[in-house]
Amino acid sequence: MSEKKFTSKDLLRQLRPTPDLAYEFSNEEVLETAKYFLRYVGYTLEGREHWDNEPVFYAKRREGETNYEILGLVRHSMKEVADGVAQLLKIKRELGEKTEYVIALPPVQERHLIDYMRADDQKLYRDLRENAFSIWICNPHEKSVWCPQGVLRDKRFTEYFKVKFGGDFLGILANMPYRGGRAKDRKQFVEGLME
Amino acid sequence: MTTIGDVKEIFARKGLYFEHLPSEDLIVTGMDVVERYITPQGNSKVVLNIKYRGKKGEVSDLFLCEGKVRRRKRVPPPIEETPKPLKLEALPMRQTFEFESEKEAIGYVREAISHLLRDKDYSQGKQRESDLYFEKLLVGFFLNLIPRFDESGLQKAQELIDLRMKYGSENNYGLVAPAFQESLGISLLQQEHWLRSHGELLAAHRIGVYTINNKNPNQIFPFTVYPRNDRDLARYFIQTVQQWPYMRDKYVEYRAEREKQGTLSSPR
């Protein structure tokens, strides 16, 4: 047996050949979970279920004087998120900024989540951030949702997400060992993870 | 008299090594830490100013030593004593780990959890959708009581998830059961398997799972989640959550002893 210490880097290296998805679920199951989750949080689903023949979920919630609107679509894996971003941009041009936008996915491997967001000089990560699009990881078995990317204006969601932290998964990863540390070290850390 | 060799040895014991040092038999007259730096990988680098008596009198020079400092983490031992009630009298202990019937177990957990919540200023409210309902400052606590962790227990948990959908995340939700359910037909292994299988789901929906020590109704162990906003209650659970492994060990010992003796009597 090797005496070399098993590090988190080794663990991540071993995770690399894993499939895209942690669990296999159909798009319909994910869509149903997202709708269930929205009802769970207190949203009312609106009749609009398609947009350019694309199945979407669209819901509203009113709290005092504030109206919250959310629209989302389902993609099967991280490979399809870029296409989802393009589709959401089209919809956003029509609906505007007041609506929040979500791409719902089945449970993908965190490894792939990071890899795809970082590919092409973090293109996907930047696209998601610049357009304020969120990613939801929906688990139909647990009927739970986690938001690793994006922050929603409706803070009520925080109480219902499976994990309270989130919003900027890459950022959190980069900050983990040295909160408030140096930017160079953070970059080094993320680069190190990706070796 | 401290020599350079002693300094080298003391630092080596801590995991820090010098690259260049003068002869080991030279006598050290003073030493200061000039700079200390811990790398992101956890390695320590220390610059020392060492004064020593050389051949031409006292010499002062800077030396770098580095390595990974082995630090022992001091974890305070958990407090074994059951947290005392703040306002009410403690409930009387039972003599045995066993329950005669489900009814007895349910009655016991009902009394124990009600006592804890009353002690923390909750008042019982009327509500038919859960087995018990308490309220404090308009925040509700919905509780379902189960004799054991099985399919019907999961059903009761599902009912709490539905209640959360109806009444929102502002309220608390909990599933309460006896800590040791062997006399009711579920072994400790099965109990733990149930918690492993469904714990994540219940935590995702913020459903707390609480178990009551079969002998001591004043000791309630939290699993999955517990209310953090209520400081008194949170403080109680922070203490009891650490006591669970000890209680579990005690029970396993008791069970082994009982099997050895082939009797059903419970130790004091």
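How many bridges join β3(A) to strand β4 of chain A? Eight, and the two strands, with β4 covering residues 66–74, run antiparallel.

1. Before we go on, some ground rules. This is a predicted model, where local features need pLDDT of at least 70, side-chain atom pairs count only at pLDDT 80 or more, and totals for chains, interfaces and linings use all residues. Residues are numbered from 1 along each chain as its sequence is written, chains are lettered from A and ligands numbered from 1 in the order in which they are written, and side-chain values use heavy atoms, with hydrogens and water left out.

2. Helices (H or I, at least four residues) and strands (E, at least two) are DSSP runs, numbered from the N terminus. Two strands count as paired if DSSP finds at least two bridges between them.

3. Back to β3(A) and β4(A): they make a hairpin with two residues between them, and A:Gly64 in the turn has a positive phi of about 60°. Look also for A:Glu63, which stands opposite A:Thr66 in β4(A).

4. β3 (residues 54–63) of chain A also pairs with β1 (residues 44–45) of chain A, antiparallel, over two bridges; here A:Thr44 has A:Lys60 as its bridge partner. Strand β2 (residues 50–51) of chain A pairs with β3(A) in the antiparallel sense too, over two bridges. In that hairpin, A:Asp52 takes a positive phi near 50°.

5. Over in chain B, six strands form an open sheet with mixed pairing, in the order β5-β6-β7-β8-β9-β10. Its edge strands, each pairing on one side only, are β5 (123–124) and β10 (220–223) of chain B. Inside the sheet, β6 (residues 132–136) and β7 (residues 139–145) of chain B pair antiparallel over five bridges, with B:Phe134 opposite B:Phe141.

6. Helix α3 (residues 151–167) of chain B packs on this sheet, touching β7, β8 (172–178) and β9 (207–212) of chain B. Contact here means heavy atoms within 4.5 Å.

7. Finally, the nonpolar cores. A core is a set of buried Ala, Val, Leu, Ile, Met, Phe, Trp, Tyr and Cys residues joined through side-chain atoms within 4.5 Å, and buried means under 20% relative accessible area (1.4 Å probe, protein chains only). The largest has 51 residues, and A:Phe37, A:Phe57, A:Ile70, A:Trp136 and A:Phe157 have the most contacts inside it. Helix α2 (residues 27–41) of chain A gives the most to this core, eight residues. Another core, of 28 residues, lies apart from it and includes A:Leu73 and A:Met117.

Conventions: Axes are lines fitted to C-alpha atoms, for helices over the stretch in contact, and angles run from 0 to 180 degrees between N-to-C directions. Buried means under 20% relative accessible area, exposed over 50%, partly exposed in between (1.4 Å probe, protein chains only).
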